[in-house]
Structures are given as structure tokens and as C-alpha cells.
Amino acid sequence: MARIKLSAAMAFEAAKELAQEGEEVNSSTLWMRCGGIGSVTTAKKWAELWQAFEKQEQVDKKLEQYRPVYETVKEGEEVDAAGDEYAEEEPIPQVVGATQDYAIQISAIVRELVEEKTRELASASSALVEKAEQKERQATHQVAASKEELNEAQKKIASLEANKQQLHNDLQTRQGQIQELEKQLKDAQQRHTTIEEHNRELSKQLGEAEERVATLEREGEASKQELKNLNAEREKLGSQLVSTQELIREREVSISSLERDKAIAEARAGDLVHQVEREQHHAEVLEARNQELSERLTQEAAKAASAQERARQLEAQVAKFEEERLMAKEGETKSRRKVSQEKQK
């Protein structure tokens with residue numbers, strides 16, 4: 001049956017790769033590097049020829065035809081192996097040699113037996129005949145043993161061929177597994193890259209959120225300080241308002257007293273007219289003062305109302321700031337939880 005030939009070009013390319021990788025060039029490594037093509041015995045022939053060419057040794061004239069192929073491979077040029085790559089594989093030299101050796105031994109033994117037999121017949125010596133018969137028996141036994149060894153060698157060759165085919169099948173299976181693992185590794189690397197990009201984006205968002213929280217906290221501290229100042233001003237205005245109201249009550253009491261004095265003065269006769277007029281002038285001055293105090297009280301009350309409205313606005317701003325800060329913290333917590341979940345995946 002025709003088989004794919006392990007050509008010189010393929011073998012030398014594999015040997016060159018092994019040598020560059022620091023691996024030993026022998027029958028096993030060369031045969032495995034060539035993917036199980038041909039046989040281990042053929043790979044051994046090419047390995048030995050490669051080593052001979054490497055050492056610049058002289059080889060058989062028949063093998064010198066492969067030196068140009070070796071030199072071409074060493075120079076890194078492409079080898080034209082047309083008509084040689086897929087030819088029927090040559091017989092294994094070692095097996096053929098072993099069979100020929102057995103045949104030569106058997107022929108020599110038979111030839112020796114014939115010569116011995118001829119001599120025995122010529123001499124008619126019973127001793128020689130007995131000796132020749134003994135040799136013949138030994139030769140027959142040796143031939144049988146040689147045949148048995150040949151059968152064992154053939155069985156071993158068949159077993160090696162079967163092992164070669166099994167190794168070739170296992171190699172194809174392992175190559176398929178390697179391709180699948182490489183695909184899984186590529187998918188895992190792509191997923192890892194995606195997760196890293198997502199983590200960087202989340203880290204950027206987290207940094208922006210932390211910066212916003214810090215800004216809001218600074219604004220909140222400023223708003224609290226302003227609210228504290230407004231509260232102090234409101235308390236001060238409240239105190240002034242109480243003082244003003246007390247003064248108004250005092251002025252009202254004074255006005256009531258003046259009105260009573262005025263009634264008494266009106267009851268008096270003509271000589272008190274001048275005094276009454278003076279008292280009326282004094283009353284007018286007090287009324288003007290009272291009017292001024294009333295206007296001032298109105299202004300103070302307006303200021304107090306404005307301060308209270310500003311305080312309410314600041315309280316609303318503080319409440320809004322607290323709400324935004326809580327929302328930012330919740331967003332930060334969610335982002336960290338999401339990052340943790342992505343890492344766990």
C-alpha cells in the first residue's frame with residue numbers, strides 16, 4: 001500500500017528547527033516533528049544523514065544527491081520537492097538489510113552443508129557423515145531460529161507501524177485540543193480586556209463622584225457657616241425688635257400721660273394757654289419722634305422678615321445638599337458593588 005514519503009526536504013526542515021531550538025536530532029524527535037509521516041526507521045536515516053552533513057563527513061555516493069537539499073535548507077531557501085513529497089515510501093533499509101542478512105546466512109549454511117555432504121560422499125567416511133548430519137541438524141535448527149527471529153522482527157515492525165498510526169491519531173487529537181484551548185484562551189483574554197476597560201471607566205466615574213461629593217461637602221460647610229451667621233443676625237435683630245417694641249410701649253405710656261396732661265391743661269383758664277401751646281409743641285415733637293420710631297420699627301421688621309426668608313432658603317439649600325450627598329454615596333456604593341461583582345466573575 002502506498003504511503004506518504006518522508007522526503008529529504010521535510011526531514012531537513014524539521015532537523016533545522018530542532019537544532020535551532022536546542023533539541024537533539026534523532027529518529028524519534030525528527031519523526032514527531034514531521035507529524036508522524038513515514039516511519040521511525042526512515043526518520044532515523046534522515047537524522048543520521050543530517051548529522052553527517054553537519055559534521056561535513058563523507059557519505060555514500062547514493063546519499064550525496066541529498067547534499068544540495070541540505071545546503072538549500074540551511075540557507076533558508078525554498079526547496080523544490082516536486083515529485084518527491086508524496087511518492088510511495090522507499091523500503092526501510094534496516095528491515096531489508098536484516099532480511100538479506102538472514103537469507104545470506106541461510107545460503108551460506110546450505111552451501112556449507114552441500115560442500116560437507118559432497119566431501120562426505122567422496123570420502124565415504126562415516127565419521128564425517130555423522131558430523132555433517134549433526135551440522136545439518138544444527139543448521140536446520142539455526143534456520144528455524146532465524147525464521148522465528150524474522151517472524152518476531154516482522155511482528156515487531158507491524159506493531160511499530162500500528163503504534164505509529166496510533167501516535168499519529170493521538171497527535172491529531174491533541175492538535176484539535178490545543179486549537180480549542182487556544183480559542184478559549186483568546187476568548188478569556190478578550191473578556192479580561194473588556195473587564196479591565198469597564199473597570200477603568202468605573203474608576204473614572206468613581207473619582208468624579210468622589211470629587212463632586214468633596215465639592216458638595218465644601219459648599220455645605222460654607223452654607224452652614226452662612227446659615228449660622230444669619231441665625232446670629234436674626235437673633236440680634238430679634239433683640240433689637242424687642243428693644244424697639246419696649247421703647248414703643250414706653251412712648252405709648254408717655255403719650256397717654258401727655259394726653260392726660262393735655263386734658264388737664266385744656267381745663268385750665270387763659271393764663272395757661274401759653275403753657276398749653278408749649279405742651280402741644282412738645283407733643284408734636286413726641287409725635288414726630290413716635291412716627292420716626294414707627295418707621296424704623298417697620299424697617300427692622302422688614303429686615304427680620306428678609307433674614308428669616310434667607311434662612312429658610314439656606315435651610316432648603318442645606319437639605320438639597322444633604323440629599324445630593326446621600327445620592328452620591330449611594331451611587332458610589334453601587335459602583336463599588338458592581339466592580340466587585342465584575343471581579344468575582
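Trainee: Quick one to start: where does phenylalanine 12 lie?
Mentor: Phenylalanine 12 sits in helix H1. Keep in mind as we go that this is a predicted model.

Trainee: Is phenylalanine 12 buried or exposed?
Mentor: Phenylalanine 12 is buried: its relative accessible area is 0%.

Trainee: Which residues is phenylalanine 12 in contact with, leaving aside neighbours within four places in sequence?
Mentor: With those neighbours set aside, phenylalanine 12 is in contact with Trp46, Leu49, Trp50, Phe53, Tyr66, Val69, Tyr70 and Val73. Take Tyr66 from that list: tyrosine 66 and phenylalanine 12 are 54 residues apart in sequence, and their C-alpha atoms are 9.8 Å apart in space.

Trainee: How many residues does the largest nonpolar core have?
Mentor: The largest nonpolar core has 24 residues. Those with the most contacts inside it are Phe12, Leu30, Trp46, Leu49, Phe53 and Tyr66.

Trainee: And which elements give two or more residues to this core?
Mentor: Those are helix H1 (8–20), helix H2 (27–33), helix H3 (40–54) and helix H4 (67–74). As background, nonpolar side chains in soluble globular proteins tend to be buried together.

Trainee: Let's look at H3, then. What are its buried residues?
Mentor: In H3, the buried residues are Thr42, Ala43, Lys45, Trp46, Ala47, Leu49, Trp50, Ala52 and Phe53.

Trainee: What should the 15 residues of H3 span, and how far apart are its end C-alpha atoms?
Mentor: At 1.5 Å a residue, H3 should span 21 Å, and its end C-alpha atoms are 21 Å apart, so the two agree.

Trainee: Zooming out now. How many helices and strands are in the protein chain?
Mentor: The protein chain has seven helices and zero strands. Read along the sequence, that gives the pattern α-α-α-α-α-α-α.

Trainee: What share of the residues count as buried?
Mentor: The protein chain has 345 residues, and 23% of them count as buried.

Trainee: What about contacts between residues at least 6 apart in sequence: what percentage join residues at least 24 apart?
Mentor: Within that set of contacts in the protein chain, 69% join residues at least 24 apart. For another pair separated along the chain, look at methionine 32 and histidine 168: they are 136 residues apart, with 8.8 Å between their C-alpha atoms.

Trainee: Where is methionine 32 placed?
Mentor: Methionine 32 belongs to helix H2. Methionine 32 counts as partly exposed, at 45% relative accessibility.

Trainee: Switching to charges. How many salt bridges does a search of the whole structure find?
Mentor: The search finds 12 salt bridges. One of them joins the side chains of arginine 336 and glutamate 210, at 3.4 Å from N to O.

Trainee: Which helices do arginine 336 and glutamate 210 lie in?
Mentor: Arginine 336 is in helix H7 (residues 273–344) and glutamate 210 is in helix H6 (residues 126–267), so the pair ties together parts 126 residues apart in sequence. Arginine 336 is partly exposed, with a relative accessible area of 47%. Glutamate 210 also counts as partly exposed, at 37%.

Trainee: How far apart in helix H6 are arginine 249 and glutamate 246?
Mentor: They are three residues apart, which means a separation of about one helical turn. Their side chains meet in a salt bridge at 2.4 Å, N to O. Arginine 249 is partly exposed at 43% relative accessibility, and glutamate 246 is partly exposed at 36%.

Trainee: Last one: which residues do salt bridges that share partners join into one network?
Mentor: That network is made of Glu17, Glu21 and Arg33.

Terms used
Residues are numbered from 1 along each chain as its sequence is written. This is a predicted model: local features need pLDDT of at least 70, side-chain atom pairs count only at pLDDT 80 or more; totals for chains, interfaces and linings use all residues. Side-chain values use heavy atoms; hydrogens and water are left out. A salt bridge is a side-chain nitrogen of Lys or Arg within 4 Å of a carboxyl oxygen of Asp or Glu. Helices (H or I, at least four residues) and strands (E, at least two) are DSSP runs, numbered from the N terminus. Buried means under 20% relative accessible area, exposed over 50%, partly exposed in between (1.4 Å probe, protein chains only). Contact means heavy atoms within 4.5 Å. A nonpolar core is a set of buried Ala, Val, Leu, Ile, Met, Phe, Trp, Tyr and Cys residues joined through side-chain atoms within 4.5 Å. The expected span of a helix is 1.5 Å times one less than its number of residues.
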